[in-house]
Amino acid sequence: MPSPRLDPYLVDSLLPDLTGHDRRPSAFLVYLFLWHAAGGARKKGVACSYQEIAARTGLAKRTVQLAVQHLARRKLLAVEQAAPTATPVYSVLSPWWRGA
């Protein structure tokens, strides 16, 4: 499957907002990884453990946990977990798109 085309908003607005304003560059990396895994938000949800995200992004597991919490608080990510030990399913949200 070809890689999804990068939305200019991600680089022009979200990158400086998360890295500069929020001082959370790890949150941008996690968002970008999950966005890519979701095919540019074409898939409804992506099941991925904190450990897998950490390994794929080069971040520490705790850093990934904090980034996911921050993204969920900013309503850029929806997280569903069937049980406390189940692998979370992430839905990448794009609130700047109409109907997203």
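**Helix packing and sheet pairing**

Guide: The axes of α3 and helix α4 (residues 61-73) come within 8 Å of each other and cross at roughly 105 degrees, where axes are lines fitted to C-alpha atoms, for helices over the stretch in contact, and angles run from 0 to 180 degrees between N-to-C directions. This is a predicted model, in which local features need pLDDT of at least 70 and side-chain atom pairs count only at pLDDT 80 or more, while totals for chains, interfaces and linings use all residues. Residues are numbered from 1 along each chain as its sequence is written, and side-chain values use heavy atoms, with hydrogens and water left out.

Visitor: Why are α3 and α4 called roughly perpendicular to each other?

Guide: Angles under 35 degrees count as roughly parallel, over 145 as roughly antiparallel, 65 to 115 as roughly perpendicular and the rest as oblique. The crossing angle is roughly 105 degrees, and α3 and α4 are therefore roughly perpendicular.

Visitor: Which residues of α3 and α4 meet?

Guide: Tyr-50, Gln-51, Ile-53, Ala-54 and Thr-57 in α3 meet Lys-61, Val-64, Gln-65 and Val-68 in α4, contact being heavy atoms within 4.5 Å.

Visitor: What is the angle at which helix α2 and α3 pack?

Guide: Helix α2 (residues 25-37) packs against α3 at about 100 degrees, with the axes 10 Å apart, and this pair is therefore also roughly perpendicular. On the α2 side the contact is made by Leu-29, Val-30, Phe-33 and Leu-34, and on the α3 side by Ile-53, Arg-56 and Thr-57.

Visitor: What makes β2 and β3 a pair of strands?

Guide: Two strands pair if DSSP finds at least two bridges between them, and 4 bridges join β2 to strand β3 (residues 89-92), the two running antiparallel. Helices (H or I, at least four residues) and strands (E, at least two) are DSSP runs, numbered from the N terminus.

Visitor: How many bridges join β1 to β3?

Guide: There are 2 bridges between β1 and β3, which run antiparallel, and Ala-47 has Val-89 as its bridge partner in β3. The 3 strands form an open sheet in the order β1-β3-β2, with β1 (46-47) and β2 (77-80) as edge strands, each pairing on one side only.

Visitor: Which helix has the lowest mean pLDDT among the elements of the chain?

Guide: Helix α1 (residues 8-21) has the lowest mean, 80, and helix α3 (residues 50-57) the highest, 97, pLDDT being the predictor's confidence in each residue, from 0 to 100.
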